[in-house]
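Subject: Structure handover

Hello,

Please find the structure below. The notes after it go through what was found, one part at a time.

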Amino acid sequence: MGRLQDKVIIITGAGSGMGAVATRLFAAEGAQVVATDIQEEAVTALCAELSQGGLQATAMKLDVTSESQWQEVAGNIMQLHGRIDVLVNNAGLPGAPESWETVTLESFNKVVNLNLNSQFLGIKTVSPHMAAGSSIVNLSSIAGLVALPEVHPAYSPSKGANRLLTKSAAASLAEQGIRVNSIHPGLISTPQTEFMNTESAAADYFLGHIPMKRLGRPEEVANVMLFLASDDSSYMTGSELIVDGGYTAK
Ligand SMILES: NC(=O)c1ccc[n+]([C@@H]2O[C@H](COP(=O)([O-])OP(=O)(O)OC[C@H]3O[C@@H](n4cnc5c(N)ncnc54)[C@H](O)[C@@H]3O)[C@@H](O)[C@H]2O)c1
């Protein structure tokens, strides 16, 4: 028996990075995973590979900023599986590096829409289909706890809001037996942190601030997603788990 045996899980941004690694882990732990992404080909290829290996994974296209696509995907999952046990709101982007001098309201809103409004839409659309014992996991960041230099001015505000969206939903949805928790990764080796592989002031700065002196591996965050998705965390809601090699410890 896997730790997620037969649970129906929807995960967003599953075509790359931590979302793809988590999809593999969830399927290996017995879940029926619905892997979604705006890049349909990426999740289609991933799910085909998992299905060939005898695991249960279905790909669906979902732009997390679109309310109508959320409704369509939730409806399709209900038709396919009849219930949704876990929602992992993983999709999110830091936005192109931007200074306070040049940032526009339009690009600020774009980052907030992708990182924050998307999680609101996910919770609002999926939670009515969830029974008691279900779990929602929201990806925030250490940027939701402390400000980071060199990133888009909307990144920290959007990720900070993920933290309180989580607590707000947790306090309300507890009545229905739905748990909601957030994860706060530090610098994890995915396409978003490719700049860490180059010699740059930003790479030196961040590495110098990580007590463990290395980037995290996507598996090290996926394991925490698994814990929060599973019944192992049954008395946790509104919690925030930091996975950052000690970045925010000092
Ligand atoms: N990598 C890090 O160091 C790090 C640190 C802290 C937090 N995070 C957060 O973790 C999450 C995953 O990050 P990652 O590094 O694995 O990302 P990634 O860049 O590897 O993958 C992000 C995925 O989201 C998808 N996506 C982008 N816009 C979308 C949209 N509108 N609708 C649906 N999908 C969309 C992309 O196609 C991509 O597959 C994000 O929320 C990110 O902010 C990452």
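Two strands are said to pair if DSSP finds at least two bridges between them. Please keep in mind throughout that this is a predicted model.

**Strands E2 and E3**

By that criterion, strand E2 (residues 32–37) pairs with strand E3 (residues 56–61), in the parallel sense and over 6 bridges. Within this pair, Val33 stands opposite Ala57 in E3. Between the two strands the chain passes through helix H2 (residues 40–52), and this β-α-β crossover from E2 to E3 is right-handed.

Strand E3 also holds Met60. Is Met60 buried or exposed? Met60 is buried, because 20 other C-beta atoms lie within 10 Å, and a residue counts as buried at 20 or more. If neighbours within four places in sequence are left aside, Met60 is in contact with Val34, Thr36, Val73 and Asn76. Lys110, which is 50 residues apart from Met60 in sequence, is 23 Å apart from Met60 in space, C-alpha to C-alpha.

**Strand E4 and its partners**

Strand E4 (residues 86–89) pairs with strand E1 (residues 8–11) in the parallel sense, over 3 bridges. Here Ile9 stands opposite Val86 in E4. E4 is also joined to strand E5 (residues 135–139) by 4 bridges, and these two strands run parallel. In that pairing, Val86 stands opposite Ser135 in E5. E4, helix H4 (residues 105–126) and E5 make up a β-α-β unit, which is right-handed.

In a regular strand the side chains alternate between the two faces of the sheet. Both faces of E4 are covered: Val86 and Val88 are buried on one side, Leu87 and Asn89 on the other.

**Nonpolar cores**

In soluble globular proteins, nonpolar side chains tend to be buried together. The largest nonpolar core here has 61 residues, and the members that touch the most others are Ile9, Phe26, Ala35, Met225 and Ala229. Not counting residues up to four places away in sequence, Met225 touches Ala22, Val88, Val137 and Ile183. There is also a second, separate core of 10 residues, with Leu145, Ala154, Ile242 and Tyr247 among them.

**The ligand**

Which residues are closest to the ligand? They are Gly13, Ser16, Gly17, Gly92 and Thr190, out of 29 residues that surround the ligand. By class, this shell has 13 nonpolar, 14 polar and 2 charged residues. Helix H1 (residues 17–28) supplies the largest share of the shell, 3 residues.

Most residues other than glycine have a negative phi. Asp6 has a positive value, near 65 degrees. Asp6 sits in the segment before E1 and counts as exposed, because Asp6 has 12 C-beta neighbours inside 10 Å and the limit for exposed is 12 or fewer.

Lys213 also has a positive phi, near 60 degrees. Lys213 is placed in the loop between helix H6 (201–208) and helix H7 (218–229). With 10 other C-beta atoms within 10 Å, Lys213 is exposed.

Regards

Terms used:
Residues numbered from 1 in each chain as written. Predicted model: local features only at pLDDT ≥ 70, side-chain atom pairs only at ≥ 80, totals over all residues. Near = placed C-beta within 6 Å. Nonpolar A, V, L, I, M, F, W, Y, C, P; charged D, E, K, R; others polar. Right-handed = clockwise from strand over helix to strand, strands pointing away. Core = buried A, V, L, I, M, F, W, Y, C linked by C-beta atoms within 7 Å. Contact = placed C-beta atoms within 7 Å.
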